[in-house]
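Visitor: I'd like to learn how to read a few features of a protein model. Could you walk me through some?

Guide: Gladly; let's look at it together.

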Amino acid sequence: MARPVDAPPGVSELLEQWLGEDQRRTLGELIDAFGEKSFAVVFIVLLSVPALPLPTGGVTHVFEAIAMLVAVQLVVGRDSIWLPARWKRLDLGGRKGERLTQTLVRRLRWVERLSRARLPYLTRGRPARALYGTLVFVLSLTAFLAPPFSGLDTLPALGVVIMSLGVLLADFVFVAAGTLIGCLGVAAVIGLGGFIVQLLGDVV
């Protein structure tokens with residue numbers, strides 16, 4: 001279904017426009033470009049790295065750590081994101097980064113076609129933002145602690161991405177779906193992750 005002419009551009013379109021501009025594509029530039037939407041957009045971009053089945057070059061732990069710091073700021077009520085200068089210079093472009101973000105744009109466009117404003121009041125307000133930040137922190141921490149090369153970080157990260165899309169699109173159904181997926185990921189990390197660690201301990 002085509003987007004109405006007078007409808008505001010979707011997240012995928014805004015991200016695609018930003019990626020296509022002749023400018024630096026760093027994390028700091030992303031935050032500046034998206035303003036009040038930057039919390040959810042940063043979570044989507046950072047956690048899509050472990051959520052998407054693409055080679056990441058070992059950057060997932062860095063992205064998850066940044067997501068946790070940003071989530072804490074959302075919980076305490078900050079309206080803008082603060083990051084150390086080193087992290088703000090993190091390159092989201094380059095060959096691997098461009099492949100990741102372009103894949104993300106395609107997936108976002110597909111999700112936006114399925115979404116509409118459902119129970120939007122449950123995605124707004126200070127309590128909702130604090131709860132959202134808490135969930136993102138827990139799921140990002142779970143992905144961070146998942147055993148390396150196990151693939152168990154995928155579900156928690158995917159939960160954050162879908163939840164963040166729900167917040168941006170004011171669609172509580174997506175928020176709830178992302179929360180459920182993330183909780184399944186937590187259960188998988190605790191259950192299967194513990195089994196893998198025990199198995200490796202027995203082998204050693």
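Visitor: Leaving aside its neighbours within four places in sequence, which residues is A71 in contact with?

Guide: Keep in mind that this is a predicted model. Contact here means heavy atoms within 4.5 Å. Beyond its sequence neighbours, A71 touches F43, G133, V136 and F137. A71 itself belongs to helix 4 (residues 60–75).

Visitor: Is A71 buried or exposed?

Guide: Buried means under 20% relative accessible area. A71 has 0% relative accessibility, so it counts as buried.

Visitor: How many aromatic pairs are there?

Guide: Ring centres must lie within 6.5 Å to pair, and the count by this rule is one. The pair is F43 with Y132: the centres are 5.7 Å apart and the planes stand at 85°, so it is edge-to-face. Since F43 lies in helix 3 (residues 38–51) and Y132 in helix 7, the pair ties together parts 89 residues apart in sequence. F43 and Y132 are both buried.

Visitor: Which residue lies over the face of F39?

Guide: That is R129, at 5.6 Å from the ring centre.

Note on methods:
Residues numbered from 1 in each chain as written. Predicted model: local features only at pLDDT ≥ 70, side-chain atom pairs only at ≥ 80, totals over all residues. Heavy atoms only, no water. Phe/Tyr/Trp six-rings, centres within 6.5 Å; stacked < 30°, edge-to-face > 60°. Helix = DSSP H or I, 4+ residues; strand = E, 2+ residues; numbered from the N terminus. Buried < 20%, exposed > 50% of the residue type's maximum accessible area, 1.4 Å probe, protein only. Lys NZ or Arg CZ within 6 Å of the ring centre and 35° of its normal.
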